[in-house]
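Subject: Structure handover

Hi,

Here is the structure you were waiting for. Please open it next to this email, and then read on for what was found.

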Amino acid sequence: VIQKGTATLRKAKKITVKTCLDNPFGFQWKTIDGEDMHFILQTLEERIKNIGLKKIETQRRKKRSLTKNQTESVCDASTNELPTEETEGHQQKPGWTDISIRRQLAIGVNEVTKALEKNELLLLLVCKSAKPPMITSHLIQLSASRATPAGQVPRLSETVAPLLGLTSILALGFRKQSDKFTEAIEAIIPKIPALEVPWFQYRTEDLVAHAETDCSESEEDEQLAEAPGDELTSQKRKRMESNQLDLSHVILQPLKIKKLVPNPNKIKKPPRKKKKAFS
């Protein structure tokens, strides 16, 4: 029996909802399956084995606490015998076997992103095992803007990472100055489907023309420096008008409004255990 004046009603807490703007476009990789996947993995495996590129790491050994008798026996043995490092001369040094070949590749998401921003890649391969997909989704727009063929290959990390002496490879890029991988790149590029980015589909040819005009800008700047003031302004206006891209086919779409509920499942963190102070 509840006495009068003792029972209290708890007010339900208001659920905090945060609104944010979301991208109306959804980007997804086109996974390369079937025969094309096996062909790409096989060509990469054969090429890496022929080159012999690998990262060698030193195995760290745990130091065990020795007693006085064991330390004395070790000291006596060391005076009589030479160390194993001097006797075993066939051990390889830690690091990459060939740094010049390593510089022709971009390994990892961070290194691939920097190389794409500088437009230094000829080909990009992404592993399907990347979780969450947000880790590699930004590479779709970057590779499309640089006109770099890119695709998602399953089992890329499983096959290529052990050959290079690494634990995992989520993204693998081939730089433009890669002499050792030219044959493999030429064989793999026809197997990769084109990327679907809405604002780059209609102007793939314009991107190539725009890249060619960037190379000729330096010559035009020299000519403009020699020209007088009135001619200089007119030539600059003509050049700016010619370099402008045709945006008549662009269709604007409204941004999506996304509502975020922090901790929707109301999962509470376990309490931290306080360390007992030893007296």
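Start in β6, where Ala-150 is the bridge partner of Leu-124. Gly-151 of β6 is likewise the bridge partner of Leu-125. In total, 4 bridges join β5 to β6, and the two strands run parallel.

Some ground rules. This is a predicted model, in which local features need pLDDT of at least 70 and side-chain atom pairs count only at pLDDT 80 or more, while totals for chains, interfaces and linings use all residues. Residues are numbered from 1 along each chain as its sequence is written, and side-chain values use heavy atoms, with hydrogens and water left out.

The overall picture

The protein chain holds 10 helices and 8 strands. Both are DSSP runs numbered from the N terminus: helices are H or I with at least four residues, strands are E with at least two. Of the 279 residues, 24% count as buried. Buried means under 20% relative accessible area, exposed means over 50%, and partly exposed lies in between (1.4 Å probe, protein chains only). Take the contacts in the chain with a separation of 6 or more: residues 24 or more positions apart account for 87% of them. Contact means heavy atoms within 4.5 Å.

The sheet

What is the order of the strands in the open sheet? It is β4-β7-β5-β6, 4 strands with mixed pairing. Two strands pair if DSSP finds at least two bridges between them. β4 and β6 (150–153) are the edge strands, and each pairs on one side only. On average, neighbouring strands are turned by 20° against each other, direction ignored. Axes here are lines fitted to C-alpha atoms, for helices over the stretch in contact; angles run from 0 to 180 degrees between N-to-C directions.

β7 (residues 171–175) is worth a look. 5 of its 5 residues are buried, so β7 is largely enclosed by the rest of the structure. Ala-171, Gly-173 and Arg-175 point one way, Leu-172 and Phe-174 the other. In a regular strand the side chains alternate between the two faces of the sheet.

β7 runs antiparallel to β4 (residues 105–107), with 3 bridges between them. Gly-173 stands opposite Ala-106 there. β7 also runs antiparallel to β5 (residues 121–127), with 5 bridges. In that pairing, Leu-123 has Phe-174 as its bridge partner.

The helices

Helix α1 (residues 35–51) lies across β5, β6 and β7, and runs at about 95° to β6. α5 packs on the sheet too, touching β4, β5 and β7; its direction makes about 35° with that of β7.

Which residues of α5 (residues 109–117) are buried? They are Val-109, Val-112, Thr-113, Ala-115 and Leu-116. These cover an arc of only 165° around the axis, which puts them on the same side of α5. The arc is that of the directions from the helix axis to the C-beta atoms. Asn-110 and Lys-114 are exposed, on the face turned away from the buried side. The cover over the buried residues of α5 includes β4, β5, α6 (134–145) and β7.

In α6, the buried residues are Thr-136, Leu-139, Ile-140, Leu-142, Ser-143 and Ala-144. Thr-136 counts as buried because its relative accessibility is 2%. Leaving aside neighbours within four places in sequence, Thr-136 is in contact with Trp-29, Val-109, Val-126 and Ala-130.

Backbone points to check

- Pro-132 is in the loop between β5 and α6. The peptide bond from Lys-131 to Pro-132 is cis, with omega near -5°.
- Ala-147 is in the loop between α6 and β6. Phi of Ala-147 is near 55°, a positive value in a residue other than glycine. Ala-147 is exposed, with a relative accessible area of 52%.
- Arg-155 is in the loop between β6 and α7 (156–164). Phi of Arg-155 is near 65°, again positive in a residue other than glycine. Arg-155 is partly exposed, at 47% relative accessible area.

Best wishes
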